[in-house]
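Please brief me on the protein shown below.

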Amino acid sequence: MDLQQLPMRARQASLLGATELAARTGLSRPTLYRVLGGRPPRIDDLRELALACGFDIDAALIPVSDPLAAVAARAALGDPDVAEWSDSATAWLERLQRYVAAGSEADVQVALIDEAGRASAPAQREGSIHLRGDARYVDRLVSAGSASGDDWALSGWAALDAMEIDADAPTILWTPEPRRVAQLLADSFRPGLAGLSDLILTPAHPSVFAGALEIDSVRLVAPIQAHIDAVGLGEAPRSAALAHLRRER
């Protein structure tokens, strides 16, 4: 749930009126009305409101994996294939510009891809399925992707190898339905763990298929997307992908 929706949801669940809620929270009525009206709340105000309504807040730090970070980097680098989603990625574009300005990388293109890769890390995406098996036998992956009936594309090792980038990395199979593809691969792969997998079935935002290529029936994400994805797979693929970018400049 969006943080700005929490105050109104808590109030609705508690059935409290604004006057009683202000008294219970200790917040001034103008502050309460601002919070209930959708203004970004302070964390301490939000918790007081939640407690007054009989709830509490459970917050945790989790690794970021936002596909719009990749969209923002691609748009910033002039990729027309992601124009459909660029308006939704405005906040990420502003963040990436700040991150790049604060960093030490002189090459802006490399810095953008590096920051976007960290922020869109496919291995950290909620709903990803990590598998062990021979992910370099891509014909099996092509068969499963095609049989799924959904859009799909390979990234990670498969895309890096197609660009002649030598990197020890898992293959990513982007798909809207990872569980469906996992069932199709059940005879070839076994469950793995994050950081110890050969294949990652990752829930795909539609933008990941923008600019995808097909080579001998193998669908690969666009090269720029492959570089972004590689950054989010760990230090070895990150270093290899960024070194390739620098050589190509």
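Twelve helices and seven strands make up the secondary structure of the protein chain. Helices (H or I, at least four residues) and strands (E, at least two) are DSSP runs, numbered from the N terminus. This is a predicted model: local features need pLDDT of at least 70, side-chain atom pairs count only at pLDDT 80 or more, and totals for chains, interfaces and linings use all residues. Residues are numbered from 1 along each chain as its sequence is written, and side-chain values use heavy atoms, with hydrogens and water left out.

**Overall fold and surface**

- The C-alpha trace of the protein chain spans about 65 × 45 × 30 Å along its principal axes.
- The protein chain has 249 residues, and 47% of them count as buried. Buried means under 20% relative accessible area, exposed over 50%, and partly exposed in between (1.4 Å probe, protein chains only).
- Among contacts with a separation of 6 or more, 71% join residues 24 or more positions apart. A contact means heavy atoms within 4.5 Å.
- The protein chain has an accessible surface of about 13000 Å². Carbon and sulfur atoms hold 49% of that surface. Areas come from the Shrake-Rupley method with a 1.4 Å probe; for residues, only the protein chains shown count as cover.
- The protein chain carries 24 positive and 34 negative charges, and their mean positions lie 8 Å apart. Lys and Arg count as positive and Asp and Glu as negative; His and the chain ends are not counted. Each charge is placed at NZ of Lys, CZ of Arg, CG of Asp or CD of Glu.

**The cavity**

- The count is one cavity of 30 Å³ or more. A cavity is a set of points, on a 1 Å grid over the protein atoms alone, where a 1.4 Å probe fits but cannot get out; lining residues have an atom within 4 Å of a point.
- The largest cavity has a volume of about 70 Å³. Grid points are joined across faces, edges and corners, and the volume is the space filled by probe spheres set on the points.
- Its lining consists of P67, A70, V71, S120, R125, W174, H205, S207, V208, Q225 and D229.
- Two elements give two or more residues to this lining: α5 (67-76) and α11 (223-231).
- Helix α5 supplies the largest share of the lining, three residues.

**Helix α11**

- Eight of the nine residues of α11 are buried, so this helix is largely enclosed by the rest of the structure.
- Those buried residues are I224, Q225, A226, H227, I228, D229, A230 and V231.
- Their cover includes α5, α7 (108-119), β2 (153-156), α9 (157-162), β3 (171-175) and α12 (235-248).

- Most residues other than glycine have a negative phi.
- E164 has a positive phi, near 60°. E164 sits in the loop between α9 and β3. E164 is exposed, at 73% relative accessible area.
- S217 is not a glycine either, yet its phi is positive at about 75°. The loop between β6 (213-215) and β7 (218-220) holds S217. S217 is partly exposed, with 46% relative accessibility.

**Y99 on helix α6**

- Y99 belongs to helix α6 (residues 90-102). Y99 counts as partly exposed at 34% relative accessibility.
- Leaving out residues up to four places away in sequence, Y99 touches W92 and E115.
- Y99 and L112 are 13 residues apart in sequence, and their C-alpha atoms are 8.4 Å apart in space.

Terms used: On a 1 Å grid over the protein atoms alone, a cavity is a set of points where a 1.4 Å probe fits but cannot get out, and a pocket is an open set with protein on both sides within 12 Å along at least five of seven lines; lining residues have an atom within 4 Å of a point.
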